[in-house]
Amino acid sequence: MSDYIVSARKYRPDSFGSLIGQDNIAQTLKNSILRGQLAHAYLFCGPRGVGKTSTARIFAKTINCSDPTPDMEPCGKCESCLSFAEGRSYCIHELDAASNNGVDDIKALMDQVRIPPQVGKYSVYIIDEVHMLSQAAFNAFLKTLEEPPAHAIFILATTEKHKILPTILSRCQTYDFNRITVENIVRNLRDIATKENIRIDDESLHVIAHKADGAMRDALTIFDQTVAFCGTDVKYQDVLKNLNVLDYEHCFMLVDDFLRGDYAAALLKFDEILSKGFNALHFMAALSSHLRDLAVSKSAGLEALLDLPDSLKKRYKEQADRCSMQFLYEALNITTTCESGYRASINQRLHIEFALMKLSFLVQKGLSAPPSTAPEQSSMQKISRPQTPAIETPPARTQVPEERKEQSRTEVSVAEDGNQPAAPRRRQARTTASTSLSIKSMMSGNEEKHASEPAETESAEIPDDELLRFKWKDLAAMYAAKPRLSNTLSASTLEITLQDGAKYLTFNVQNVAQKDWIESKLLHELERTFRKLTGTDKVYLRVSVIPDSEVKQTIYMPSEQAKDLISKNEEVKNLVKDFELDVK
């Protein structure tokens, strides 16, 4: 028992090559050593368990090594490397700022900095959790950090960079450590398991890596805990049971229930998950993650976004093929909305059960299966359907000349053979229909029946002024949904003139801004609408501005109303004069 060492200490990196997931930082530090460009202060920041302190130790060990390798790795044989490995080095000093965060501790450090190293070239001071220093301690540390002795190098490590004073940050070279990817954690755990003669499958390693959340130290701790529970032969189910992790199988079964529309099975599965002690919110988060992985699996070229073993990737691909992208999108929308409203819900279980029911009812919307060739056929039918009435000649009382019939048949046959686009055929059919309708209306005299036809009819008669003024009121009423335009048309005065066999209607507006607004955006629309109302195209609209002398001033203020009343009523004027009233 006394010889046992936990994996996080036993397999702690002792060289730049053994660092996991921080290749860019390791290469930068090695280059600075090789070129002799060492800074006097470094700041290593990042999440827990990603190798900040280990990198600081390796860096301190390498710069004091008397015989480094060509790749700038410590030799491990010189006196400096041996003393460091045995824990008796006087060149490397570590300070825990969490417990030594006062001004006195910094003063003691400043006194120690003056002492040159006994072995090696540099005295390296590693201050861990530096953000825990007090404000006064930071201020006392500033001068020494800015101008330390030539043999002193400071390496500050922290998980909360935002708590460090900007004056400290400006004096350090900052290195941001990233979270270690699941792939790198799995690879390292597999190597350790091989060295320890432990049999473990890839699914178990991925579960441990996901549980670690990017921290290698946490992954090694969970790995030791799992081995203590399972022994040297680690099984996937034992790992799930020990770590209380929701199995992938539950999410696969739930999605199958959604695709079948079986909400009862989904609710029973949720009850089973709760009975095993799983947190309901964590369950919904796992379901959202599963749906996200399905969406990624369905899109080609996104395999790199899946942190899963190959066996699970195949299962995700198979289930994704049975889901449409619209179904996955709607499902993710439901789960994420459920997560966001979970804590505010009074009945949290019902909140999740209702989300599961909505997921099950998505199949009724036709979103469960990916699109097939059937919609393409229906779309073709939709395209060909409007062409049918274009080919048929609408009924008319008068007979169409035989030459026109022959020409129509020829154009239809050419269009059906695919040698001519369908647009000319529709244009011909519309012209024929319009002609037959106009002939029919003239023959029958029933003009009201075809008044709603969008086609404009030419009229040889010019309407009289009284009819035009009456139709102008109808035009203003048609734009009641646009009060500004409707009021402008209603208040305007019409000037009707006859020129070149057409009527020109000039309506007046209050100012130039109204005139520009109507002419630039509305004049053509108004003219087209007015022609439909009057039944002739021999009317034209023009806009003019009322002269300033004819614009009636609108009275707004009480004083203006009083002056207007006095000017119009002589008795009121005398009353104001007799009582000597001051009207302003």
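Tutor: What follows starts with the whole chain, turns to the sheet and its surroundings, and ends with the rest of the protein.

This is a predicted model, in which local features need a pLDDT of at least 70 and side-chain atom pairs count only at pLDDT 80 or more, while totals for chains, interfaces and linings use all residues. Residues are numbered from 1 along each chain as its sequence is written, and side-chain values use heavy atoms, with hydrogens and water left out.

The protein has 27 helices and 8 strands; these are DSSP runs numbered from the N terminus, with at least four residues (H or I) for a helix and at least two (E) for a strand. Of its 584 residues, 38% are buried, where buried is under 20% relative accessible area, exposed is over 50% and partly exposed lies in between, using a 1.4 Å probe and protein chains only. Among contacts (heavy atoms within 4.5 Å) with a separation of 6 or more, 72% are between residues 24 or more positions apart.

We come now to the sheet itself. Strands of a sheet pair through backbone hydrogen bonds, either parallel or antiparallel. Here, 5 strands form an open sheet with parallel pairing, in the order E2-E3-E4-E1-E5. Two strands pair if DSSP finds at least two bridges between them. At the edges stand strand E2 (92-96) and strand E5 (173-176), each pairing on one side only. From one strand to the next, the twist averages 20°; axes are lines fitted to C-alpha atoms, for helices over the stretch in contact, and angles run from 0 to 180 degrees between N-to-C directions.

Within the sheet, E1 and strand E4 (residues 152-158) run parallel and are joined by 5 bridges. Leu43 has Leu156 in E4 as its bridge partner.

Helices pack on this sheet. Helix H2 (residues 23-35) touches E1 and E5, and its direction makes about 150° with that of E5. Helix H5 (residues 103-113) touches E2, strand E3 (123-128) and E4, with its direction at about 165° to that of E3.

A residue of another helix can be followed from here. Thr144 is in helix H6 (residues 135-146). Residues up to four places away in sequence aside, Thr144 touches Met110 and Phe154. Its relative accessibility is 12%, so Thr144 counts as buried.

The structure holds 13 aromatic pairs; rings of Phe, Tyr and Trp (its six-membered ring) pair if their centres lie within 6.5 Å, with planes under 30 degrees apart counted as stacked, over 60 as edge-to-face and the rest as tilted. In one of the pairs, Tyr42 and Phe59, the ring centres are 5.1 Å apart and the planes stand at 70°, so this pair is edge-to-face. Because Tyr42 lies in strand E1 (residues 41-45) and Phe59 in helix H3 (residues 52-63), the pair ties together parts that are 17 residues apart in sequence. Tyr42 is buried, with a relative accessible area of 0%, and Phe59 is buried with a value of 0%. Ring pairs extend this into a cluster of Tyr42, Phe44, Phe59, Tyr175 and Phe177.

A nonpolar core is a set of buried Ala, Val, Leu, Ile, Met, Phe, Trp, Tyr and Cys residues joined through side-chain atoms within 4.5 Å. The largest one has 64 residues, and Phe223, Phe283 and Ile352 have the most contacts inside it. Helix H14 (residues 280-298) supplies the largest share of this core, 9 residues. A second, separate core of 24 residues includes Tyr42, together with Leu19, Ile25 and Ala56.

Elsewhere in the chain there is another open sheet, formed by 3 strands in the order E6-E7-E8 with mixed pairing. Strand E6 (494-499) and strand E8 (539-545) are at its edges with a single partner strand each, so one side of each is left without a neighbour in the sheet. The twist of this sheet averages 25° from one strand to the next. Strand E7 (residues 502-509) pairs with E8 in the parallel sense over 7 bridges, and Asn508 stands opposite Ser544 in E8. Helix H25 (residues 523-534) packs on this sheet, touching E7 and E8, and its direction makes about 135° with that of E8.
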